[in-house]
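Have the viewer open as you go through the points.

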Amino acid sequence: MTAVQPPDPHLPDPHRPGPHPPGPQLPGPQRRPEQRQRPGATEPVSAHWAVLGKHPGRAMGYELLAASLDEDRARRYLWGAQTGTPEVRRPDETGGLPWRVFLSGVEGERTAACALIEQSWDGTSDGTGAPIITSRLLLVEWSQGAARGLTWSALADAAAAVRWPGPEEGPARPLRLDLGTLSVASSSAELAAVIDEVGFEWTACVAALLTAGQRITVTADGRDLPTPEQRVRIVDAVAALLPYGCRHWLSGASWTGDSDHKVQLTFAESARTGRTAVRFGAPTARPADPGAAAYLAELTRLRAKGWTSRELVAHLLAATAPIHWTDGPGMLRVLREVDLVDAVLAAVREGTARIEDVARVFELQGLGRLDADGRRDLCLFLARTARPGGPDRRDEHAVRLLRDHWSPELPEWMAGSVLADPDPDRGFDRAFAWLDLLRELHGPGSGSFGELLAALIDQRRPGPVAGSRQRWIAAVILAAQLTFRDEAAPADGVLIAQPDIGRAWAYATLARGGPGVPVLDRLLRAAGKERLPGPTGWLRFTAYACGALDDRDLRRPGDATDFGTAIPAALWRELLDLAVHHRRPLVVSHLWSSYWEVACGPRGPELAAALAASAVHLEATAGPLQSEYAADLDLLRLRAAQGQDVPMAGLDRLLDREAPAPPGRTHLRGRGAGPVDAYAARLSERLSATGSEPLWQWAVEALLGPRPDSRRWPVTYLLAERSARGQEALIRALDRRLLAGEGAWLELGPPPAVTEALNRLPGMHSLNARNKVRHLLQGPPTPVQLGLALSDVHAGGYPIDPAVEVLPGLLRWRTEDVDLLLHELWYRAHPLAERLYHAILQSRSAGHLRLSLLDLAHKEAQRHEYARELLRYDDYDPADAAGSAAQPPDRRGLFGRRRRK
């Protein structure tokens, strides 16, 4: 045999739980069929052996002296168990040899094993006089050890009883270990006694820590520790509170030295860095790891329920299927199988159950032997598993179990579970998935399907969220109608009998483009199409908006009110689109208050744009109610845009289709029954209902527009005539325009009350004179009176444009009358006379009047020249004429150069 050196402590350690777990690598958590030991088995098992030591009297290193297995494999186990050099030589002292290490694998091994490495003094010395420590390996393959439930205690006892061959005995062969009547029962009795003696709580806590991958060092902490043989049984007892399959990776030792090692459970003088120290037999802090805490809690629960240590160990020793070292939930499942029904129910309630576990409960004792709560929880678990994420996902195993173990109470349990969910969206998805599941189990339209649907939409039951129960029920009914069609017809009665749910359903279905005429027809038939009760007006209006009823069917005035008592703010756009699609323009008028609320809110500009885009199409189908709709449309757009640059487009289109009013009688419109009068009446009605002063002003300003329009004037006239607010708004609008010199507005003929009010305003004292000017220009020529009126206007500072407001009326006068007017103005309002002369000079239509005035002026000039000569003008001094008027300046340039004859 060749000598080998101790392993480098810096090499990767096979026993540390981490990226490279100890022992053979499993693919991950997997289902473990329970394997039970056959009681009374007596067949020997084959065990490989090896010895690491020195030849007495020779100066040499430690060598593999003999082995019945591959030498490299033997060395891996023997050196892998070295944890340091013992400082104590007496076996009866703490830390003295023998040390026993139990390994399931070492680095480089692909399969697990049940291995014992025992280190002891052999009583001899090497060539240097140093005492020799002999390390003996006894290795049973995992398959044989697990089949017999081989524990560490049993392996240590077998090693003590077997005769170890020496190196000189020839070829090494495996040993035959006689385990006698070793069984789960015998091992569990022995180890349970150790657990009870040491303390169940302490043993259980240490075992739970191991499930979290912690490396445990049990220390004396001032106490006397058990003997080496007792320590073997204690670490074995701790391992016995884990499933036997954990020994596939678990390692333990009766004592370890001060070298770095990765044995997971050991006694030692003190705990090295990175290990968890546990005082022997002393109270131990509960695990912080959630998985370990759950394992300890389950052990404690089972013990409190009456399970003895022996029963628990017997169950766990029989669970020999390997468990991956990271599969904490798998270890917990094996433990819970000792109390299968309660364990499965607990896992179901915690959300950690597996379909295989539930299937096993049904297999072993069926559904009928469970109490009502147990049946409910297991059936609901199967239902959730069968449809984990909606109708498009399914678990066929769970569906088969539900079908094979059907419970008539399941629809009721389903409804209770859905309605108890605090998340309404999750509850809705589950309800819809379960309706589909019941159809699969029992066919379309089955009784169980109807029972679940009826329970879900029963408003008497508590809902998922206070205040939204009606909307949630409506959403369930709509989803059922869309998916299951006529199978959802039994829900019609709920919609008709409970208006709150009916309206919520209408809002939800309209948001999706409407329910379709077949569903509406079915609902209308169910409610009685010709004699609908008042609370179902929402249904008639919904049918109207979706094209199932026309204007003649919508006769009850309360239908739209019943529909729109609490319309969602976001529904206005869908309703407008439906109105366009089904040519239902009066949807907007019927839902005036809802659309008005949108117009007043932040989405007002969006509403204005949508109305502008749909106005022409909808107005074309409004029929006799065209005027009312046009008024509603214009006012909504005006409010949505807050009066900013919004034309009264509906009124303009209405006027384009109406014959013009007779000249001079525009103000009389608004007193009849024509389209324009109907528009004005509706506009006045809507404005009066709003009570908003700015809105009245916006409406009047929009109706007046940038320039006088005789077609729109009747609407403005009517607003001012019918309402004090309309009158005040018109006064303010005209005041601003008249002060800006836009006198043409008065040509439209404001109501008398407006005219009187304007005259009383500051800066409007000459308004009567202005009106007198207008009337004088319309009558026969009265130069003196017109001159007086114009001079009054000029004296009051009222702006007037002679070219626009005076000259057109003078064109029908005789030249002599015009000259007389100019004469009056020359002396009463000289600047106004000059402006009128300039207006005549610049106007193309006044060319003949200009020439006539020039001719008349020439004749008068000749007469005046002759009069001067007769009156001896050369002796005249104007200063000597008391009270005489001053000589006017020469104004020959007004009409060009004076012509000479």
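1. Which side chain does the side chain of Lys262 make a polar contact with? The partner is the side chain of Asp260, at 3.2 Å. Bear in mind that this is a predicted model. Lys262 sits in the loop that runs between β8 (252-253) and β9 (265-267). With a relative accessibility of 5%, Lys262 counts as buried, since the cut-off for buried is under 20%.

2. Now for the overall picture. The protein contains 40 helices and ten strands. Of its 901 residues, 52% are buried. Taking contacts between residues at least 6 apart in sequence, 69% join residues at least 24 apart.

3. The largest nonpolar core has 144 residues, and Trp505, Phe563, Leu575 and Leu683 have the most contacts inside it. Helix α17 (residues 469-484) gives the largest share of this core, nine residues. Apart from this core lies another, of 82 residues, which includes Ala47, Leu97, Leu209 and Leu316.

4. Leaving aside residues up to four places away in sequence, Phe563 touches Arg503, Ala506, Tyr507, Leu510, Trp538, Phe541, Thr542, Leu575 and Leu591.

5. How do helix α16 (residues 447-456) and α17 pack? Their axes lie 10 Å apart, at an angle of about 150 degrees. That makes α16 roughly antiparallel to α17, because angles over 145 degrees are counted that way. On the α16 side the contact is made by Phe449, Leu453, Ala455 and Leu456, and on the α17 side by Arg469, Trp472, Ile473, Val476, Ala480 and Phe484.

6. Leu380, Ala383, Arg384 and Ala386 of α12 meet Arg430, Trp434 and Leu437 of α15.

7. Helix α1 (residues 71-80) has Arg73, Ala74, Arg75, Tyr77, Leu78 and Trp79 as its buried residues. These buried residues pack against five strands by name: β1 (45-53), β2 (63-67), β3 (99-103), β4 (113-125) and β5 (131-141). At the start of α1, the backbone nitrogen of Asp72 has a side-chain oxygen of Asp70 within 3.1 Å.

8. Ser309 belongs to helix α8 (residues 309-318). Is Ser309 buried or exposed? Its relative accessible area is 2%, so Ser309 is buried. The side chains of Ser309 and Asp196 are joined by a polar contact of 2.6 Å. Not counting residues up to four places away in sequence, Ser309 touches Ala192, Ile195, Asp196, Phe200 and Arg303.

9. Arg215 is placed in the loop between α5 (200-211) and β7 (216-219). Arg215 counts as buried, at 8% relative accessibility. A polar atom of the Arg215 side chain lies 3.4 Å from the backbone oxygen of His261. Arg215 and Ala277 are 62 residues apart along the chain, and their C-alpha atoms are separated by 8.7 Å.

10. The peptide bond from Leu97 to Pro98 is cis, with omega near 10 degrees, and Pro98 is found in the loop between α1 and β3. Arg485, which is not a glycine, has a positive phi of about 55 degrees. Arg485 lies between α17 and α18 (492-497), in a loop, and is exposed, with a relative accessible area of 61%. Arg583 also has a positive phi of about 55 degrees without being a glycine. Its place is the loop between α23 (572-581) and α24 (586-590), where Arg583 counts as partly exposed at 45% relative accessibility.

11. Lastly, the cysteines. How many disulfides does a search of the whole structure find? The search finds zero. Cys246 counts as buried at 1% relative accessibility, and Cys546 counts as buried at 6%.

Methods. Residues numbered from 1 in each chain as written. Predicted model: local features only at pLDDT ≥ 70, side-chain atom pairs only at ≥ 80, totals over all residues. Heavy atoms only, no water. Core = buried A, V, L, I, M, F, W, Y, C linked by side-chain atoms within 4.5 Å. Buried < 20%, exposed > 50% of the residue type's maximum accessible area, 1.4 Å probe, protein only. Helix = DSSP H or I, 4+ residues; strand = E, 2+ residues; numbered from the N terminus. Contact = heavy atoms within 4.5 Å. Disulfide = S-S within 2.5 Å. Polar contact = N/O pair within 3.5 Å; in protein donor to acceptor, adjacent residues only side chain to side chain. Axes fitted to C-alpha atoms, helices over the stretch in contact; angles between N-to-C directions. Parallel < 35°, antiparallel > 145°, perpendicular 65-115°, else oblique.
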